[in-house]
Amino acid sequence: MAWHRAADPVDPEEAFLQAVTGQVRFRPDRAAIAEELRAHLDESARDLEEAEGLSPEEAKAEALKRMGDPAAVGEGLNLTHNPALGWAWWVSRGLCVFTVVTLGLYLVFYIVSLSAMSLVRWLEYGVFYRYSEPVERVVEVDRTFDLGAHTMTINEAALLESGDVVVRVHSWGEPRVTWTPPNLQIRGESGEGYPCGSTSLGGLVRWEIYDFTPEPGETTFTLGWPSIDPAAVVTVDLSGEEGAP
């Protein structure tokens with residue numbers, strides 16, 4: 001209910017409320033003060049009806065009388081509703097709202113940007129990937145391993161015409177752990193590990209591109225993370241022979 005009503009000289013309650021709130025210089029508080037005073041008057045009038053057996057009109061008049069001089073009441077309220085403090089509160093509330101909205105928009109922008117970047121990376125390295133050198137043969141691996149904090153997928157291995165080998169891997173990482181996934185371990189037929197270079201591309205999906213130069217004539221390799229899980233390995237044969245693993 002709005003505190004301001006049409007002027008009515010025969011309505012003592014409204015005249016009292018307007019006299020009180022007219023003393024309050026901080027206008028934004030006047031409506032709330034009027035509603036609070038009106039509720040207090042109604043409660044006082046009900047108490048007087050019950051305690052002293054007054055009629056509703058008599059109780060309302062007595063409640064108004066006991067409220068005191070409206071100018072004095074208004075002056076007291078004006079001291080507690082200081083304009084400087086009032087505007088400071090409104091400004092601080094506005095700043096809080098602005099901060100919350102700004103942070104919310106930034107979070108939405110960050111999530112959308114990260115998702116968009118991840119989608120672009122997925123398309124670039126998962127669908128439309130092109131090797132920088134001529135390729136002799138590609139073996140689809142498509143094996144996924146759950147390594148606890150990370151889910152790792154070996155996508156494919158490619159033998160380049162230069163003799164080098166490129167392995168593509170992508171991973172998902174839990175948000176509460178380090179985003180850096182474990183490095184892929186590559187071993188040849190002799191069981192010796194191959195040193196390899198790698199390229200990392202972040203996003204919700206993280207891509208790893210590994211490349212190494214095998215020994216001449218070696219085409220079978222073990223790929224995986226045996227130091228984390230002995231079963232997290234797969235054997236790839238890039239010779240192209242029928243029945244190769």
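# A guided tour of the predicted model

Among the contacts in the protein with a separation of 6 or more, 56% join residues 24 or more positions apart; contact here means heavy atoms within 4.5 Å. This is a predicted model, in which local features need pLDDT of at least 70, side-chain atom pairs count only at pLDDT 80 or more, and totals for chains, interfaces and linings use all residues. Residues are numbered from 1 along each chain as its sequence is written, and side-chain values use heavy atoms, with hydrogens and water left out.

**The whole chain**

Begin with a cartoon view of the protein, which has 5 helices and 8 strands. Helices (H or I, at least four residues) and strands (E, at least two) are DSSP runs, numbered from the N terminus. Followed from the N terminus, the elements run α-α-α-α-α-β-β-β-β-β-β-β-β.

The protein exposes about 14,900 Å², and carbon and sulfur atoms supply 58% of it; accessible areas come from the Shrake-Rupley method with a 1.4 Å probe, and for residues only the protein chains shown count as cover. Of the 245 residues, 32% are buried. Buried means under 20% relative accessible area, exposed over 50%, and partly exposed in between (1.4 Å probe, protein chains only).

**First stop: arginine 38 and its partners**

Select arginine 38 and glutamate 14. They form a salt bridge, and their closest N and O atoms are 2.8 Å apart. A salt bridge is a side-chain nitrogen of Lys or Arg within 4 Å of a carboxyl oxygen of Asp or Glu. Arginine 38 lies in helix α2 (residues 30-52) and glutamate 14 in helix α1 (residues 12-21), so the pair ties together parts that are 24 residues apart in sequence. Both arginine 38 and glutamate 14 are buried; for arginine 38 the relative accessibility is 5%.

Glutamate 35 is partly exposed, at a relative accessible area of 27%.

**Second stop: helix α3**

Move to glutamate 62 and arginine 66, another salt bridge, whose closest N and O atoms are 2.9 Å apart. The two are separated by about one helical turn, because they stand 4 residues apart in helix α3 (residues 56-67). Glutamate 62 is partly exposed, with a relative accessible area of 24%, whereas arginine 66 is exposed, with 51%. Now select Glu13, Glu14, Glu35, Arg38, Asp42 and Lys60 together: salt bridges that share partners join them into one network.

Proline 70 is found in helix α4 (residues 70-80). Which residues does proline 70 touch, not counting residues up to four places away in sequence? They are Phe16, Ala19 and Val20. The C-alpha atoms of proline 70 and leucine 17 are separated by 7.6 Å, although the two residues are 53 residues apart along the chain.

Show the side chains of Ile154, Val167, Leu184 and Leu223. Of the 23 residues in the largest nonpolar core, these four touch the most other members. A nonpolar core is a set of buried Ala, Val, Leu, Ile, Met, Phe, Trp, Tyr and Cys residues joined through side-chain atoms within 4.5 Å. Strands β1 (135-146), β2 (150-160), β3 (165-173), β6, β7 and β8 (233-237) each supply at least two residues of this core, and β2 gives the most, with 4 residues. Apart from this core lies another, of 13 residues, among them Leu37, Ala45, Leu48 and Leu64.

Select aspartate 142, found in strand β1. Most residues other than glycine have a negative phi. Aspartate 142 has a positive phi of about 50° although it is not a glycine. Aspartate 142 is exposed, with a relative accessible area of 58%.

**Last stop: glutamate 218**

Finish in the loop between β6 (206-212) and β7 (220-224), where glutamate 218 lies. Glutamate 218 is buried yet has no salt bridge; the nearest side chain of opposite charge, arginine 187, is 11 Å away. For charge, Lys and Arg count as positive and Asp and Glu as negative, while His and the chain ends are not counted. What does the side chain of glutamate 218 reach at 2.4 Å? It reaches the backbone nitrogen of glutamate 189.

Notes. A polar contact is a pair of N or O atoms within 3.5 Å; within protein, one must be able to donate a hydrogen and the other to accept it, and residues adjacent in sequence count only if both atoms are side-chain atoms.
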